[in-house]
Amino acid sequence: MKGRPKFFLESKFTPKGDQLGAIAKLSNGVDQGKKSQVLLGVTGSGKTFTMANVIKETRRPALILAHNKTLAAQLYQEFKEFFPHNAVEYFVSYYDYYQPEAYLARSDTYIEKDLAINEEIARMRLSATRSLVEREDVIIVASVSCIYGLGSKKNYQEMVFTVKVGQEIFRDRLLLQLVMMHFTRADMDFPRGSFRVRGDIVEIFPAYEDKRCYRIEFFGDEIERISVIDPLTGKVIERIDEVKIYPGSHHVTPESVRDSALQSIREELDDRVKYFAEKKAYAEEGRISQRTRYDMEMIKEIGFCKGVENYSLHFDRRNTGDPPCCLIDYFPEDFLLFVDESHQSIPQVRAMIHGDRSRKKSLVEFGFRLPSAFDNRPLTFDEFYEKKNQTIYVSATPSEWEIEEAEGEVVRQVIRPTGLLDPKVEVRPATNQLDDCIAEIAKETKQNSRVLVTCLTKKLSEEITTYLKEIGIKTKYLHSDVKTIERMQIINELRTGKVDVLVGINLLREGLDIPEVSLVTILDADREGFLRSETALIQTCGRAARNEKGRVILYGDKITRSMQACIDTTTKRRKIQEEYNKKNNITPQSTTAAGARNLFKALDEIPKEEKIDSKILVRKIKALEKAMIKAADNYQFEEAAALRDQMKTYSNLLLLE
């Protein structure tokens, strides 16, 4: 442990149940050098808290891999609270909208790359790599975007520029260095990733900073003073003697590397032009020559061009086919990898490479890109496997591959700190399944409980919803066509009782933890397949595990292998949990509804007769704006977006006044 960074875990909770054993086993496994381990943790057993304790005990920098942005944001928020004194960072795709470059040969249509970058997420990505370079106590929560090619770590480090009080440097030399580091000059507005000049004063707002920028004051050619200032007011926060300025982009290159890369690109271009000339493909020959030479001129003059990442093979000095540098390469060798919801995340990692190559094939064949563009790509699974270090796969339903990786040894965490048991599971005939389901819904709604109904298709979920509404049951459906913000509102309505039943497909699995749900019904459970596999059934059953009266009904005319495995698993877990509760005199308690977040409460609080009162509307808009900013500061991006949409609704009402 000597020499390793300290991680200070702060929480009002202490490990309970089999969390203690899981933390000890996993930590010992890491210290013993085990390459792979599996944490099988049931829904609500505190897997995130266990992961945090393992990081604290092993004192290893950690990468936590999640399979989507929403889950990553939730994990980031939790780890930020657990480790307020350490560097907890967030690294996901920074596109709000992304249309990749493509060419459709059939219609001779070229689609230029179009994107909208989320500036806050871009800042957090740069903050993550900055932390990895300058600190050891780093925890990064990332989506699978972390396996995409990133600028070379070596080039990134070489471009870090240190400024000290008393240092002799021409002011213009500093400005040129900032341009080479992908900073832009901005004398009026002062956004992140820019600098501005006022005589002998240079102010720099790094792309990775949030509310701090730096003022460098010259006396002749000597740096006289360095101050940390507020970017909005210009107020001095503190005086410092030295500051390291990190690049404003991951795709930066030292001048020597840039010259070498340009020579390499020129040689590849010559080969490609010759190739098209021999094939008498004159249109392609002219296209590749014109586009590439323009890019080379931009790189020569300002250090980068649009789509510079397509030349990463040359800048990184890799051989064709070599794996690209990615976020994993920025970590030290002894880092620890957690793959959360690994049964979902690992298949995603496997699939990333295929779509990327098929899209670029047409671009290369028709002269829009050099063949080296193929090497600007995500890692293949084999490359990811080689780069990763010690790994802990975390899931309620780990796959056979993950268990084999851990040599069959699985650390189980089936006791919930709340004492809640796995739900009771029963099987009923599929004949008249909807009528039976309706009867059960009536029982649950009388007790002020909620029900989830899962079916196999979007159309069926909509038809069931319509039918239930017609007979007086407050119902809504949830599937992939429902927008993210609307999904949040629907889930909120279920929690607060405006809706009693939610009908869905596979969206009712991971991440939908609603303690008010006491019954989950699975229609056509005997239709063996992706939506009715062992993993899917166990995950779906877990949605009833937050309620002390939780139960599940599987509708099927036969018991399939997956159904039986699901029943056996939940029955076994329930027995272990009951024995533990009895031994420790624990009474299971549901999570209370008080914790429900009502993002749309402000709208409901306005009395009907006052909704057109402009003064009230203005007051509510200001309140929502304040809540939105607070949510964004806490990285609750979906909540912030929902509040923003409510602001727009009020603003539109105000315009009608």
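Me: How are α1 and α2 set relative to each other: parallel, perpendicular or oblique?
Reply: They are oblique to each other. This is a predicted model. The axes of α1 (residues 19–31) and α2 (residues 47–58) cross at roughly 40°. Angles under 35 degrees would count as roughly parallel, and 65 to 115 as roughly perpendicular, so this pair falls under oblique.

Me: And how close do the axes of α1 and α2 come?
Reply: Within 9 Å.

Me: Left-handed or right-handed crossing for α1 and α2?
Reply: Right-handed.

Me: Which residues make the contact?
Reply: From α1, Gln19, Ala22, Ile23, Leu26, Ser27, Val30 and Asp31. From α2, Phe49, Thr50, Asn53, Val54, Glu57 and Thr58.

Me: How do the residues of that contact divide?
Reply: Six are nonpolar, five polar and two charged.

Me: Switching to α17 and α18. What angle do they pack at?
Reply: About 40°, with the axes 8 Å apart. That makes α17 oblique to α18. Helix α17 covers residues 534–541, and α18 covers residues 561–584.

Me: Which hand does the crossing of α17 and α18 have?
Reply: α17 passes α18 in a right-handed crossing.

Me: Which residues meet there?
Reply: α17 brings Glu534, Leu537, Ile538 and Cys541. They meet Arg561, Ser562, Met563, Ala565, Cys566, Thr569 and Arg573 in α18.

Me: How many charged residues in the contact of α17 with α18?
Reply: Three, alongside six nonpolar and two polar.

Conventions. Residues numbered from 1 in each chain as written. Predicted model: local features only at pLDDT ≥ 70, side-chain atom pairs only at ≥ 80, totals over all residues. Heavy atoms only, no water. Axes fitted to C-alpha atoms, helices over the stretch in contact; angles between N-to-C directions. Helix = DSSP H or I, 4+ residues; strand = E, 2+ residues; numbered from the N terminus. Parallel < 35°, antiparallel > 145°, perpendicular 65-115°, else oblique. Left-handed = near helix turned anticlockwise from the far one by under 90°. Contact = heavy atoms within 4.5 Å. Nonpolar A, V, L, I, M, F, W, Y, C, P; charged D, E, K, R; others polar.
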